[in-house]
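Please keep the sequence and the model at hand while reading.

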Amino acid sequence: MDAFKDYFYLGKITKQHGFEGKVQIFLDTDEPEEYTNLDVVYLSIANKPVPFFIDDINIQGNKAIVKFSDVDNNEKAALTVNKDLYLPVSMLPELTGNKFYYHEAPGMLVIDKSFGEIGKVEKILEYPNQAVLQIFHDKDEVLIPIGNEIIKEFNRKKGIITTEVPEGLLDIYISKNN
């Protein structure tokens, strides 16, 4: 999905709504109200971002009812169902402190207060109950849960994530013969 490297996943069109070409969207975000004034979203069509302009959006919790320009009947709306929605990364509100977007972490160096340098974040793995940083220390995969009690500092300027990993957690992952 290299075509989407400058985009972030916003949600998915789940079904048609009514008979005038409207669709229901699931917004995969903690703050759906941030997106009440959208003019355009990008649908994944043939693995490419295609702009769809919005005439009307009504957000209700993590769902939204949307009327796209030029989608004025059920046949056209049906073609958008199950499509993923994206927005340009530049539209994300800037985060400060230890809050970060998952796309910011890969490539950052992780240093634990007790252990020292662990390695660079390869990617973030999202599991049902917990997202984790995937890091390789030498050849050993290390998974560190993402949470305020573990991530103590997220320094964008220096490219460093400082952690305080619970005692014994790194012993599970890192070979004793290193």
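The model is a predicted one, in which local features need pLDDT of at least 70 and side-chain atom pairs count only at pLDDT 80 or more, while totals for chains, interfaces and linings use all residues. Residues are numbered from 1 along each chain as its sequence is written, and side-chain values use heavy atoms, with hydrogens and water left out.

The protein has two helices and 12 strands, where helices (H or I, at least four residues) and strands (E, at least two) are DSSP runs numbered from the N terminus. Along the sequence these elements follow the pattern β-β-β-β-β-α-β-β-β-β-β-β-β-α. The radius of gyration is 20 Å, whereas a compact globule of 178 residues would have a value near 16 Å; this quantity is taken over C-alpha atoms, and the globule rule is 2.2 Å times the number of residues to the power 0.38. The C-alpha trace spans about 65 × 30 × 25 Å along its principal axes.

An open sheet of mixed pairing is formed by six strands in the order E10-E9-E8-E7-E12-E11, two strands being counted as paired if DSSP finds at least two bridges between them. Its edge strands, E10 (140-145) and E11 (151-155), each pair on one side only. Within this order, E7 (residues 109-112) and E8 (residues 116-126) pair in the antiparallel sense over four bridges, and Asp 112 has Gly 116 in E8 as its bridge partner.

Grid points are joined across faces, edges and corners, and a volume is the space filled by probe spheres set on the points.

| Space | Volume | Lining by class |
|---|---|---|
| Largest cavity | about 30 Å³ | nine nonpolar, no polar, no charged |
| Largest pocket | about 1,200 Å³ | 16 nonpolar, six polar, eight charged |

Here Ala, Val, Leu, Ile, Met, Phe, Trp, Tyr, Cys and Pro count as nonpolar, Asp, Glu, Lys and Arg as charged, and the others, Gly among them, as polar. Residues lining the largest cavity include Leu 10, Ile 25 and Val 66. Of the 30 residues that line the largest pocket, Asp 28, Asp 30, Phe 100, Tyr 101 and Tyr 102 are the closest to its centre, and strand E1 gives the most to this lining, with four residues.

Note on methods: 1 Å grid on protein atoms, 1.4 Å probe; cavity = no way out; pocket = protein on both sides within 12 Å on 5 of 7 lines; lining within 4 Å.
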